[in-house]
Amino acid sequence: MAAPIIQTHQLSKTYTGAGRDLKALDNLTLDVQTGEIFGYLGPNGAGKTTTIRLLLDLIRPTQGRAAVFGLDIQKHSVEIHRRIGFLPGELNLWKNRTAAQVIYYIASLRGDIKPQLKESQKLAEELKFDASKKIRDFSTGNKRKLGLILAMMHRPELLILDEPTSGLDPLMQQTFNQMMRDIRAEGRTVFLSSHQLTEVQAICDRVAILRDGQLQAVQSVDHMMKAGFRYVDLQFREAVPPMWQERLESIGAQDVVIADHMAHFKLRGDFDPVLRVVTNGYLVNIDVRDPSLEEVFLTFYGAAESTTQKEAVR
Amino acid sequence: MSGAIFIETLKRIWRQTLYWGIGLALLGFYIVIVIPNIDTLKQYQDIIGNKMPKAVMQAFGISDMAVLATPEGFIAFGFLTYALILLMVYAVLAGMNITANEEDDGTMDILLTQPVPRWRVVTEKYAAYVLMSTVIIVLSYIGLILGRMSGTLEFSIERMLLAGIPMTLAVWLVIAFTAVAGTFFRRKSTAMMVVVSFIVVSYFLNFIGNAASGTAASSVKVLSLFQYADAQSVIQHGLTFTSLAILAGATATLFGLSVWLFERRDVGL
């Protein structure tokens, strides 16, 4: 297997200020493989942006190390920057310049301007973007489009995108998803942080989940979707006896809700014990559903935090 | 591409530079044409010299009354002293634009994730502001020359140009000092406060040193930036290598310090 395109080893960052220390990232050890779309998930304050800023050498680690393309992020930051495209979560550009001027400026910083301008025109057409306006006149969505053009116009080997689709309309999100798939098809790599779990589910190969600066899990999206539990809805002809709640819980069903003719619960393991519990009832319908990535994601944050995290995810 | 930041900075600031230059040129032009001849200057010297306390005159930058009676001395007092203060304001604004403003606006993130080393960001921006501040000074001198051509007051262009050299270096120094403050302090307001305090304290050290001439307290003026950029002194005594060396050395040191600090710290927190 080829060497990982991003590699971190016990990467940590502590912010010091106002008389207290804040550990934003704690011993992150992570590999991202060449040619994959890697989703980096976590609520606000989990450490996603800190990780990205460390990889880009905007901030320096308190301990640990990281490499991109096998190059040390601090010693070889210029070489790394030459080969990556970056879209920050909050894109701030020079307000009094037009988008075309900004595109030219960034292209001139990278050198070899003409191919970049040509690619930027192609991307602008795909994203339906007008580069003649001044930055201050752009909506959030249009700024995101410009950010994507700036990140992609030199056809980087690695794209690092922080919340790339926030502010894009659903149609543009589809276009974005297709662009990312095309990039993967070309053997290039995407590292994206996101709150949009449907987006991650749609395009990512693997995801990492971060919580309070600590890595909770790294799995393929497929594997994560087979998270070992399913949601079950049982519909009966008669009202469900309340005592079934206890019986279902005794066989390991979780989050059991009994309401009128319905029984809803989360099931791990086999289905047979369930049938044995409900054997006296007349079953009208059985609905078994795999959890969404969002539901899987929330299980990493524990039931007690589910509500809060759900708000953050949204 | 090497020089891209320099060119982009020039593109962004040329208009405001032009306004500053025209403003100072008009001031210079006005100062020259308002004085009809040497006799008027002598009357002016008599009035000021007899009625104003010496300390007050020194507060306004007049270190020697005799120099006021010469056209060059009067222009140094009436124009160069105040032009220097105005240029200090420009220098502070320019120095803040080197790193602090871009960091505060969030645009530094985009800049530093391009294949550009940090030292080059500081160097090219500093070079652009050094060039533009020099353009402003050149434009202000054009105002003086136009005034000389349209008026009756004769003065030595050469001596005036010599007086402009330490002034230019002082402006470059303040840009570099502001860049250091902007890279060292996380908060823009703190950096601005430190720089303004530096200039105000420097001005008063020079004032105290001049007012207390002949006493031990006069030595405090060696700590003042204004001591080394004193146009009247250049008009009277010519350029001194020591002053130029101190200004140039301090500027280079401060510039190097700003690069060193910016290379080593977290950006955009």
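## Chain B: burial and fold

Of the 269 residues of chain B, 45% count as buried. A residue is buried if 20 or more other C-beta atoms lie within 10 Å of its own, exposed if 12 or fewer, and partly exposed in between, with C-beta atoms placed from the backbone. This is a predicted model: local features need pLDDT of at least 70, side-chain atom pairs count only at pLDDT 80 or more, and totals for chains, interfaces and linings use all residues. Residues are numbered from 1 along each chain as its sequence is written, while chains are lettered from A and ligands numbered from 1 in the order in which they are written.

Chain B has 13 helices and zero strands. Its pattern along the sequence is α-α-α-α-α-α-α-α-α-α-α-α-α. Helices (H or I, at least four residues) and strands (E, at least two) are DSSP runs, numbered from the N terminus. Among chain B contacts between residues at least 6 apart in sequence, 80% join residues at least 24 apart. Two residues are in contact if their C-beta atoms, placed from the backbone, lie within 7 Å.

## B:Phe255 in helix α13

B:Phe255 sits in helix α13 (residues 241-264) of chain B. The residue is buried because 23 other C-beta atoms lie within 10 Å. Beyond its neighbours within four places in sequence, B:Phe255 is in contact with B:Tyr126 and B:Ala176. B:Val122 is 133 residues away along the chain, yet the two C-alpha atoms are separated by 8.7 Å.

For contacts in chain A with a separation of 6 or more, 67% involve residues 24 or more positions apart.

The domain assignment gives domain 1 (6-225) and domain 2 (229-290). Such bounds come from an automatic or database domain assignment. The C-alpha centres of the two domains lie 44 Å apart.

## Nonpolar cores

A nonpolar core is a set of buried Ala, Val, Leu, Ile, Met, Phe, Trp, Tyr and Cys residues joined through C-beta atoms within 7 Å. The largest has 146 residues, and A:Ile149 and B:Ala170 touch the most other members. Helix α5 (residues 71-98) of chain B supplies the largest share of this core, 16 residues.

Leaving out residues up to four places away in sequence, A:Ile149 touches A:Ile103, A:Ser120, A:Leu123, A:Ala124, A:Leu127 and A:Phe129. A second, separate core has nine residues, among them A:Leu234, A:Leu248, A:Ala253 and A:Val274.
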